Amino acid sequence: SPNFPNPFNMQTMIEYAVPEATHIQLSIFNAAGQLVRQLVDAVQTPGYKSIHWDGRDNRGLEVGSGIYILRMKAGAYRQVRKMILQK
């Protein structure tokens with residue numbers, strides 16, 4: 001599902017479904033393609049999942065306004081979505 005809200009200010013929620021136990025990666029990249037935050041990198045059980053992104057990078061620092069790319073990998077499945085952070 002698309003993140004909600006989008007555009008967002010302080011945080012956004014990302015929801016997704018896992019049909020079978022598999023390794024999930026949810027990664028956020030900036031417009032230059034650099035990794036900003038690794039939200040999930042683990043094997044997950046089947047079910048509906050949600051996670052919040054608070055607009056911080058892997059070091060805990062707030063990132064600036066702009067377009068960010070959410071990439072999901074789950075087995076052979078790949079999905080990419082744009083997110084807009086407005087401060």
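The following conversation concerns a predicted model of a protein.

Visitor: How many helices and strands are there?
Guide: The protein has zero helices and six strands. Helices (H or I, at least four residues) and strands (E, at least two) are DSSP runs, numbered from the N terminus. Residues are numbered from 1 along each chain as its sequence is written.

Visitor: How compact is the protein?
Guide: Its radius of gyration is 13 Å, close to the 12 Å from the globule rule for 87 residues, so the protein is as compact as a globular protein of that length. The radius is taken over C-alpha atoms, and the rule is 2.2 Å times the number of residues to the power 0.38.

Visitor: What about the largest nonpolar core?
Guide: That core has 19 residues, and Leu26 and Trp53 have the most contacts inside it. A nonpolar core is a set of buried Ala, Val, Leu, Ile, Met, Phe, Trp, Tyr and Cys residues joined through side-chain atoms within 4.5 Å; buried means under 20% relative accessible area, with a 1.4 Å probe and protein chains only.

Visitor: Which strand gives the most to this core?
Guide: β5 does, with four residues.

Visitor: And which residues is Trp53 in contact with?
Guide: Leaving aside neighbours within four places in sequence, the contacts of Trp53 include Phe8, Ile28, Leu39, Tyr68 and Met83. Contact means heavy atoms within 4.5 Å. In this predicted model, local features need pLDDT of at least 70 and side-chain atom pairs count only at pLDDT 80 or more, while totals for chains, interfaces and linings use all residues, and side-chain values use heavy atoms, without hydrogens and water.

Visitor: What share of the protein is buried?
Guide: Of the 87 residues, 32% count as buried.

Conventions. Buried means under 20% relative accessible area, exposed over 50%, partly exposed in between (1.4 Å probe, protein chains only).
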